[in-house]
Amino acid sequence: MALIVQKFGGTSVATTERILAAARRAILETRAGNQVVMVVSAMGKQTDSLISLAKELTERPNAREMDMLLSTGEQVTIALMAIALEKLGHEAVSFTGAQIGIKTDKTYNKARIRSISTDRMVKALDAGKIVIAAGFQGVDDDFNITTLGRGGSDTTAVALAAALKAERCDIYTDVDGVYTTDPRIVPDARRLNRISYDEMLELASMGAGVMHSRSIEFAKKFGVLVHVRSSFTENPGTVIGPEPESRSASACGAALATDETRLTVYGVPDQPGVAMRLFSKLAEAKIPIDMIAQNSSRDGRTDVSFTVQSDDAAKARDVMMATVEEIGAERLEFDDKVAKVSLVGLGMTQQTGVAQRMFHALFEHGVNIHMIATSDIKISALISREDGVKALRAVHDAFKLNEEPAATASDESTTGSSATKQVDSFLEGVSPRLLSHITSAEMEEMEEVVVEAVDLDEDQARVTLYNLPDRPGLAADVFDKIAEGRIIVDMIVQSVGRENLANITFTIPRAELEAVKSVSTSICDAYGCCAEFDGRVVKLTVRGSGLRSHTGLASRMFRTLSESNVNVSVISLSERCAGVLVDEAHGKTSQQKLVEEFSANRI
């Protein structure tokens, strides 16, 4: 007998008819001999309606009382679902987050799960009942109701699947799987048969709305197979697990995030500890940072740009206004009319020219790039919000994401119509670690950040091009010339420029430094800019899950380096890795300090 967790989103339970349809799906699983835990969201737009009611009273309602209010939406649904199941002849019992025993921290509106007590659920399951759990909510140590933030029901479902050691977690939604991009924007977007945890984690954090990034953090950490399916069709859906659909394709998907706000701190003193002070203030305010672009300094000062979600923008602006004066920076600039287009794929680690193709696609459609930030499997460009839709379509078309990768065309295990066939094919690639029992220690720190490794790359050289004209086609032209020299590029950071001028920093293998100098000379001649080279840098990369959404990680990283008087010259951040450039003299000692800070040596 297997245990299956089924999650039904708001559209899937929007009416009593849909609640009955979801109940029938659960009963079908029990007739197949499985135990079932259902996780449900509030009905339809009920959460939005509750928020509107509160806003009629005040623009800034108390955070604790908002959690108390919003948690009622799921409580309505779980009761109705239990009633529906009993009408259909099956015993059921509904539980709120508190009744299940979901313990969280004390952060209202975006609480994190600390532990889950499974005793009550297991007892009900063993009695033959279907368990219905309220998504999106828990309680803190003082029994205050907390909510988990956007996508909280996904997070609840995958967390319960991990705690109960479920065979899989089925996510029922209004789409029939994970697509290469949002099919409402790009009609020829293709449904993926499967996608890896790492790819889904990056896509979810970059704006793909099917799954929330925190739920994928759980899935990866505990080896939960996630099956995304439609509530309204029998299409096979998409399985999220350890393996990608294709390792040969340069990209698996693209995403657009329109809820972005950019803040730029100009004239930051380029000294050890300054980055730590800057980002620790944001961490204390529990504000997640998205893109970070810090270019190399000139004259002892640098500019730091970063983005936050629009919901956090006003709070971030208040925090930064005070911090600018404290650290002796020049000024703060704020732009709430930006969007972010991203390309993601495990295959780009093995291929050259991926960034160049993306930049060309944007240029050909007249899209100017304000910022660039990369990781090993992601390229993100910050653009004007009005260019968002055409930018997404351009990138999707450029990489032919509507076409199925050749690597999977003959793979029967992933192209069959049977969803069970897809899930079974994933089990073959799951390591013994992922299928083992979860330890009691892990259960007591369920949503703690997971750092898998701290890598040191000593084969790095840095190139910075200063005072380039900030116009469409800039990045495409620069990396065209780099590609002509067959030079492999690693990190790319373009920060917001001054007076319509931009700076681009990128890293290359040290052996390529002399070759790139001659290429840079032609770029400087063409644009009237100047170049700086440094062959004595190393890259430190912290790898794991949820590194962006865990607000304190970046500040911990910078604090650890500053305590050793190590200065950071370039920064790049994503959900899976946080990378910095430092002087080679500090490489090995800095790596060890970071290993000690994050206890990476025990993983």
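Which residue in β12 is the bridge partner of valine 228? I looked it up and found threonine 238. Helices (H or I, at least four residues) and strands (E, at least two) are DSSP runs here, numbered from the N terminus.

I noted that the model is predicted, with local features needing pLDDT of at least 70, side-chain atom pairs counting only at pLDDT 80 or more, and totals for chains, interfaces and linings using all residues. Residues are numbered from 1 along each chain as its sequence is written, and side-chain values use heavy atoms, with hydrogens and water left out.

**Sheet.** I followed β11 (residues 226–230) and β12 (residues 238–241), which run antiparallel and are joined by three bridges; two strands pair if DSSP finds at least two bridges between them. I then traced the open sheet of eight strands, β3-β6-β2-β1-β9-β11-β12-β10, with mixed pairing. Its edge strands, β3 (92–95) and β10 (194–196), each pair on one side only.

**Aspartate 170.** I placed this residue in strand β9 (residues 168–173). Aspartate 170 counts as buried because its relative accessibility is 0% (buried is under 20% relative accessible area, exposed over 50%, partly exposed in between; 1.4 Å probe, protein chains only). Leaving aside neighbours within four places in sequence, I listed its contacts (heavy atoms within 4.5 Å) as Ile4, Val5, Gln6, Lys7, Glu29 and His227.

**Helix α5.** I found Met121, Ala124 and Leu125 buried in α5 (residues 119–126). They lie on the same side of α5 because they cover an arc of only 100° around the axis, taken from the directions from the helix axis to the C-beta atoms. The face turned away from that buried side carries the exposed residues Asp119, Lys123 and Asp126.
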